[in-house]
Structure formats: structure tokens, C-alpha cells
Amino acid sequence: MAPRDPSLKFVCPVCEAAPNERCHVKVGVICFESHWERRDLAMTAIAEGNWMAQPNAQSWPRRWQAS
């Protein structure tokens, strides 16, 4: 993961990783890249020009459950 990954400014809608925290597959197992949904959220915010204003102001519903 790049140190300046813009998706790290957002809460991950898949694994609920906090801002500045890397995504994880399950507790204790970190992903090398952010989940696609988190990256898409960041790219959408950048495209709309509001990426500096309160990331994830409206949190997504949790879709991922630990097994």
C-alpha cells in the first residue's frame, strides 16, 4: 500500500478499518491494499471535489461479518 493512499482517509465500509488504519481480512490479518469499496469511496469523493470535508460523514452499512 502506498504511504499516501487517499483511501486511508476514510473508514472502510467492508472491514470497518478506521481512518489511517490498513484494511484487514479478519482480525489480525492485514491486507496489502485497501478494499475496493474503500478505494471507490475515496475516488468518488476526490472526483466530486469534497474529499477534504469530513470523510465518511454518512457511514455505510456494514456488509462484512467475521467468521
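Let's start with the cysteines. The sulfur of C23 has its closest cysteine sulfur in C12, 3.6 Å away, and that is too far for a bond. Keep in mind that this is a predicted model.

What would count here? A disulfide is a covalent bond between the sulfur atoms of two cysteines. The cut-off is a pair of cysteine sulfur atoms within 2.5 Å.

Next, C31. Its closest cysteine sulfur is in C23, at 5.9 Å. Again, that is too far for a bond.

C15 is another one to look at. C15 counts as buried, at 6% relative accessibility. It is found in the segment before β1, and β1 covers 24-26. C15 and V27 are 12 residues apart in sequence. In space, C-alpha to C-alpha, C15 and V27 are 9.2 Å apart.

Stepping back to the whole chain. From the N terminus on, the order is β-β-α. The chain has 67 residues, and 30% of them count as buried.

On contacts: take those between residues at least 6 apart in sequence. Of these, 46% join residues at least 24 apart.

Last, the surface. The chain exposes about 4,900 Å². Carbon and sulfur atoms supply 55% of that.

Key: Residues numbered from 1 in each chain as written. Predicted model: local features only at pLDDT ≥ 70, side-chain atom pairs only at ≥ 80, totals over all residues. Heavy atoms only, no water. Helix = DSSP H or I, 4+ residues; strand = E, 2+ residues; numbered from the N terminus. Buried < 20%, exposed > 50% of the residue type's maximum accessible area, 1.4 Å probe, protein only. Contact = heavy atoms within 4.5 Å. Areas by Shrake-Rupley, 256 points an atom, 1.4 Å probe, with all protein chains shown as cover.
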